[in-house]
Amino acid sequence: MPFTEAERRALLEVARQSIAHGLRTGTALPVRAADYPESLRVVRATFLTLELGGQLRGCIGSLAAHRPLVEDVAEHAFAAAFEDPRFPPVDAKESGRVDLHLSVLSPPAPMAVTDEADLLRQLRPGVDGLILGEGARRATFLPAVWEDLPDPREFVRHLKAKAGLGANYWSPRMKAERYTTESFGDRR
């Protein structure tokens with residue numbers, strides 16, 4: 001069931017407040033899920049992406065749902081702003097200019113694939129997020145990545161590289177899972 005406009009605004013406001021709280025205190029906004037409507041208390045996994053001037057500025061999330069949605073958003077907003085190891089922490093000047101993009105994930109579903117060609121046939125470009133890996137090497141691309149990598153073969157090659165596997169690597173032990181997202185954001 002899609003989120004209402006009011007629910008979307010509430011989640012994005014929690015994310016903004018968590019970043020502001022992080023600037024003041026160095027910690028994520030403490031959120032009491034019981035203070036929010038039931039639709040925002042469901043246990044869901046999220047990714048929170050920050051962009052500044054159209055460029056990635058931070059992205060943190062989880063594939064496994066393990067806490068109420070509103071709490072997950074607060075934690076991931078803080079982590080995307082201050083703990084993404086690819087970027088320095090967001091500063092006060094940037095905080096008011098970053099665009100927020102929230103992706104709420106469906107539970108991942110295992111895919112039965114016989115080989116890479118079978119995986120490519122089953123993928124739904126622009127719809128599927130994909131988790132791919134073998135053993136401890138595992139990575140994901142959100143459905144939004146299809147905008148930058150619209151060709152399924154390139155999408156999978158880049159995802160394998162992200163997982164630390166060779167772009168041409170495949171084995172019968174390779175595992176694939178797909179998920180969808182409900183994504184929304186704000187622009188500053």
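These legends describe close-up views of a predicted model. Local features need pLDDT of at least 70 and side-chain atom pairs count only at pLDDT 80 or more, whereas totals for chains, interfaces and linings use all residues. Residues are numbered from 1 along each chain as its sequence is written, and side-chain values use heavy atoms, with hydrogens and water left out.

**View 1. The length of helix H2, residues 69-82.** Helices (H or I, at least four residues) and strands (E, at least two) are DSSP runs, numbered from the N terminus. With 14 residues at 1.5 Å a residue, H2 should span 20 Å, and its end C-alpha atoms are 20 Å apart, which agrees; the expected span is 1.5 Å times one less than the number of residues.

**View 2. The surroundings of helix H2.** Because 12 of its 14 residues are buried, H2 is largely enclosed by the rest of the structure; buried means under 20% relative accessible area, with a 1.4 Å probe and protein chains only. Among the buried residues are Leu69, Val73, His76 and Phe82. The buried residues of H2 pack against helix H1 (5-25) and the strands E1 (45-52), E2 (55-61) and E3 (99-105), where contact means heavy atoms within 4.5 Å.

**View 3. An open sheet of four strands.** The strands follow the order E4-E7-E5-E6 with antiparallel pairing, and two strands pair if DSSP finds at least two bridges between them. Strand E4 (109-111) and strand E6 (137-141) are the edge strands, each pairing on one side only. Three bridges join E4 to strand E7 (residues 175-179), and proline 110 stands opposite glutamate 177 in E7.

Technical notes:
Buried means under 20% relative accessible area, exposed over 50%, partly exposed in between (1.4 Å probe, protein chains only).
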